[in-house]
Amino acid sequence: MEVYRVMHLRCPHQTIEPFIKGLCDLHRIPFRQYLSQQFSFAFDLYLAIRTSVQSRVDAVLGRNLPKWRLKNACPACTYKLEGEGDLVFKLLFTMDGNDSLKRLWSAKKTPPADGDSEQPPPLAESNARHDSRTVPGDRYLTREEVDRWAKASLEELLPDASKEEVEDNPCTGRWTNMINEVTAKMWGIFDETGVFLVLCRHGFRLVVADMVQSGELSKYPLAVVATLLEVFGEDIGGGYDIGCKFKTTLDRSELGPRARELRFRALVGSFHGHAHNRICQLSHLATYVKGMGLEDLEGCERFFSKSNHLAASIRYATSFHRRQKIIEYLAHTDAFETEQKLSTFLVNNYRQALEILAGIDALHKTMNDQGIASTDVFHQWLEEERAYLTSLAKEPVQETLEMEYYQKLVNFHAASSKLADLQTTWHAYNPQDPSTSSARAPGAKRQYNPETRLRHARETVDRELLAVQELELQLEIGERWTPDCEGWKAAAVMLRKHIGKALKARSQAIRTSLERYNAAAALMSPPRPSLSWDQVVEYAYLADFDLLRDCRQDIRERVWARPSSRLAMDQYFKTERAREEIHRLNVEIKRVITHMRDEEAFLLVKEREVAQSNTALAHQ
């Protein structure tokens, strides 16, 4: 039993049946299916005995209290010492969802309706044998703990996204993990659609939750953060691939006030962060976050690359056996991989930080060459970049009004020109000539008479003039613009760039429409001339090539936009993070060494105490 347990945890692909077949081959007997079933029953009993023994050991050691395992999951994170240095983040963790560890929903087949396929409906009655067993321990969040933050309750609490929210968080509508449209088709096939995992920065497993008949909804990270805030309290930071969007969700949820009170910080991992909006990176990217050190917050991705091998053995398992396998795998990985490699993790990070700090002389030389007197300039550059990018998020009100004023002037001049043409046009009337008569021939197109066209032209001029006068009042323009004045020319350039930018953003839709137009034009009789992409967007697209150079704030004039300046700025922030990493490692190394010494002494004392009454238990 123990051989299979360890082999399966080391090689999750191997399930019970091939293991039994291998034993049968060793004993030269034919394989029978009932042997696998008997071994499965015996293996469940074996694991139950192991769990019972571990529970008795935990009780003797005083480690059976609620959340004890979570509070002591990682010695480097949780074994705090007196007089140790303060850390910006008392705990750094990463969380993410993964859909590899799914479990099929064993549903009874129902008669097909209206000729549909025999695929069972999403909520069909299960035909699996009821199993009331539960997995012990506190690694798993219960469905009740997760459903407290369900989408239905959040919709009652949260209004629709406001403009202020979108402006503060440019990534709000950009990222959607495992969107419902993608995962909805599998809800009728799978019951548990994956797991949502939380790791500390050293890789120890904190909590895990099942994603049930859904994608990666916000209720899972909310439930996780609620649990960690309850256990660890203030000053913790959590990395998430859509941490910027989750921050908005958290702030507006029932948990928001508690999270702000305890100074919880939503972060974005280094790998995912480089795909986010630049404004978002300035606030959430690990390189620019004080107290992050060299942590990349991408531990979940590394863990999933290994745990994916477990998928084949749990796809058709019962709910209990699926959780059992996942918990066994997590515990084994903590004990035989993460814990044993903890010292390697600390040493490698220390070396990496020292290598970065070794380049500090080169940074100082670069600063001297560029005339940078203080490192405070780098922080100032970040704020200037943030302000610059924020200003590009939307057109300034002044420029928007000037472009509108220019367009109204163009419309006014066009309407005035048309009115002048109508007023200077002579109309000869000859009752004998049908072309000048007011009578309309049968089948002829209806047209306005000259008096009506003249009246409409005057009304259009008056309407355009009124719009021009209103904008002149808002812009406080004393003398009306003319085509030769600077204001007219500047507004024309701004409007052209604005249109070009919009055309470029919607280029695919324009291309699709252009293809449809050309296809329809070719079918007409006679065929109409086709249009090319260059003809449609030539002027606007060419203007947009130099968007950053010719925009209202020339980015080339900014010191922080120069390549050499940006390299120096990035090197500085890496140096700062390296210093923070060394400070954190000095704290964590002392914690780990002290924990090893205290744990050994504590267990030896307990062994002697228990040995007097229960030798077998003391041996455990």
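**Close-up views: cavities and nonpolar cores**

**View 1. The largest cavity.** Thirteen residues line the largest cavity, and Thr-94, Met-95, Asp-241, Leu-297 and Glu-298 lie nearest its centre. A cavity is a set of points, on a 1 Å grid over the protein atoms alone, where a 1.4 Å probe fits but cannot get out; lining residues have an atom within 4 Å of a point. The model is predicted: local features need pLDDT of at least 70, side-chain atom pairs count only at pLDDT 80 or more, and totals for chains, interfaces and linings use all residues. Residues are numbered from 1 along each chain as its sequence is written, and side-chain values use heavy atoms, without hydrogens and water. The volume is about 60 Å³. Four nonpolar, five polar and four charged residues make up the lining.

**View 2. The second largest cavity.** It holds about 50 Å³ of space. Its lining includes Leu-101, Phe-303, Ser-307 and Tyr-329. By class, ten lining residues are nonpolar, one is polar and none is charged.

**View 3. The largest nonpolar core.** This core has 44 residues. Met-95, Leu-228, Phe-246 and Phe-264 have the most contacts inside it. A nonpolar core joins buried Ala, Val, Leu, Ile, Met, Phe, Trp, Tyr and Cys residues through side-chain atoms within 4.5 Å; buried means under 20% relative accessible area with a 1.4 Å probe, protein chains only.

**View 4. Around Leu-228.** Beyond its neighbours within four places in sequence, Leu-228 is in contact (heavy atoms within 4.5 Å) with Leu-70, Phe-93, Val-198, Leu-206, Gly-233 and Ile-236.

Terms used:
Buried means under 20% relative accessible area, exposed over 50%, partly exposed in between (1.4 Å probe, protein chains only). On a 1 Å grid over the protein atoms alone, a cavity is a set of points where a 1.4 Å probe fits but cannot get out, and a pocket is an open set with protein on both sides within 12 Å along at least five of seven lines; lining residues have an atom within 4 Å of a point. Grid points are joined across faces, edges and corners, and a volume is the space filled by probe spheres set on the points. Ala, Val, Leu, Ile, Met, Phe, Trp, Tyr, Cys and Pro count as nonpolar, Asp, Glu, Lys and Arg as charged, and the others, Gly among them, as polar.
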